Amino acid sequence: WPLTFIRPYKSRLSFSKLSYSHSTMNISKSGYRVFSANSTTACTELAKKITERLGVDLGKSVVYQESNRETRVDVKESVRGQDIFIIQTIPRDVNTAIMELLVMAYALKTNCAKNIIGVIPYFPYSKQCKMRKRGSIVCKLLASMLAKAGLTHIITMDLHQKEIQGFFSFPVDNLRASPFLLQYIQEEIPDYRNAIIVAKSPSAAKRAQSYAERLRLGLAVMHGEAQCSESDMADGRHSPPPMSSGRTTSGHPGLELPCKILLTLMMAKEKPPITVVGDVGGRIAIIVDDIIDDVEDFVAAAEILKERGAYKIYIMATHGLLSAEAPRLIEESAIDEVVVTNTVPHEVQKLQCPKIKTVDVSMILAEAIRRIHNGESMAYLFRNITVDD
């Protein structure tokens, strides 16, 4: 007899169970998971805010340091065939955070995750994106390491240089925090119409101009000995050869250089006295930048602006690294308030300095995750962004 005529009821029930489990597996394959790659409780705060906005649970994983300081990652749930988002904020121990991200990405890759997207609000080593003296472009090295570990996409915010995106072999979404900072200026700074946007160096003028145009405020630019422009740093390619007692510089008669030219090459650059281009008298001065780490330049700029007549000084920056003695220096300076986003954990610094305020950007990060998973356009997140932002 054919099997169709003697199929028992029990086998039909088993078949229905098999079909149900198969459909359930298909549903899970189309889903996504959000993990945190940090080993400290303070750094998982942003991840929890993002998952709450998305309405999902934070992925179950354990990230810890062994007694010999090796990083170990244990993923506690299946990730096969799913889109995985790894949220990694960068605490003070930058290199440990990088290893946590690399090890977790590689663990997810070997567990057959479909796509691995790194959500790195502050991209570390972004300041080392150009050749300096006889060093290296460390940012390019980190981009290669992330690709090798298994990342297929990155969501970040306000890269130090937009050209860093060219270091990666996969897509990079460079979000902007300026809409949140602009909203803070409009809602939290009394009489902001009497403010003026200040660039503490000529290299920051484009960003300051972008803020000034959208707020319809004036613009001032500072330059002189207080600013440290990246173009002023020698990269080694124009360093003069060593002076010798003879007429030649390397023993070859064809490479002789007059002594005056050698002395000119070896002379240090003399910066002009600090100058403020723009009237800040009787105004609220708002200094904008992307990163605030060592605050000596900001403190010096605030003192100059006070001398020029500004009666309030605000610092607006995306990434508040605030290393070393930054909280104490801010507290003792003429700066009235420092406003940064929560791309970098800085709760300890806020306890040391009440002048530090935080703007939450988890909303745009959560929306970016949702749109990438659903294959939607990201243009909506850049609708109020200018080219120079």
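**Rings and a cavity**

Reader: Phe168: buried or exposed?

Author: Phe168 is buried, because its relative accessible area is 10% and the cut-off for buried is under 20%. Keep in mind that this is a predicted model.

Reader: How do the rings of Phe168 and Phe170 sit?

Author: Their centres are 5.4 Å apart and the planes meet at 55°, so the pair is tilted. An edge-to-face label takes planes over 60 degrees apart. Phe170 is buried too, as is Phe168.

Reader: How many aromatic pairs in the whole structure?

Author: Three, from a search of the whole structure. One of them joins Phe123 and Phe168. That pair is edge-to-face, with 5.4 Å between centres and 75° between planes.

Reader: Where do Phe123 and Phe168 sit in the chain?

Author: In distant parts of the chain, 45 residues apart. Phe123 is in the loop between strand S5 (115–120) and H4. Phe168 is in the loop between strand S6 (153–157) and strand S7 (172–175).

Reader: Why does Phe123 count as buried?

Author: Because its relative accessibility is 2%, and buried means under 20%.

Reader: Which residues do the ring pairs link into a cluster?

Author: Phe123, Phe168 and Phe170.

Reader: New topic. How many cavities of 30 Å³ or more?

Author: Two.

Reader: How much space lies in the second largest cavity?

Author: About 50 Å³.

Reader: Which residues line the second largest cavity?

Author: Phe123 turns up again, as one of the lining residues. With it come Gln88, Ile90, Ala97, Ile98, Leu101, Ile120, Pro124, Leu142 and Leu146.

Reader: Which elements give two or more residues to that lining?

Author: Helix H3 (94–110) and helix H4 (138–149). H3 supplies the largest share, three residues.

Reader: Recap Phe123 for me.

Author: Phe123 is buried, at 2% relative accessibility. Its ring pairs edge-to-face with that of Phe168. Phe123 also belongs to the cluster with Phe168 and Phe170, and it lines the second largest cavity.

Key:
Residues are numbered from 1 along each chain as its sequence is written. This is a predicted model: local features need pLDDT of at least 70, side-chain atom pairs count only at pLDDT 80 or more; totals for chains, interfaces and linings use all residues. Side-chain values use heavy atoms; hydrogens and water are left out. On a 1 Å grid over the protein atoms alone, a cavity is a set of points where a 1.4 Å probe fits but cannot get out, and a pocket is an open set with protein on both sides within 12 Å along at least five of seven lines; lining residues have an atom within 4 Å of a point. Grid points are joined across faces, edges and corners, and a volume is the space filled by probe spheres set on the points. Helices (H or I, at least four residues) and strands (E, at least two) are DSSP runs, numbered from the N terminus. Rings of Phe, Tyr and Trp (its six-membered ring) pair if their centres lie within 6.5 Å; planes under 30 degrees apart count as stacked, over 60 as edge-to-face and the rest as tilted. Buried means under 20% relative accessible area, exposed over 50%, partly exposed in between (1.4 Å probe, protein chains only).
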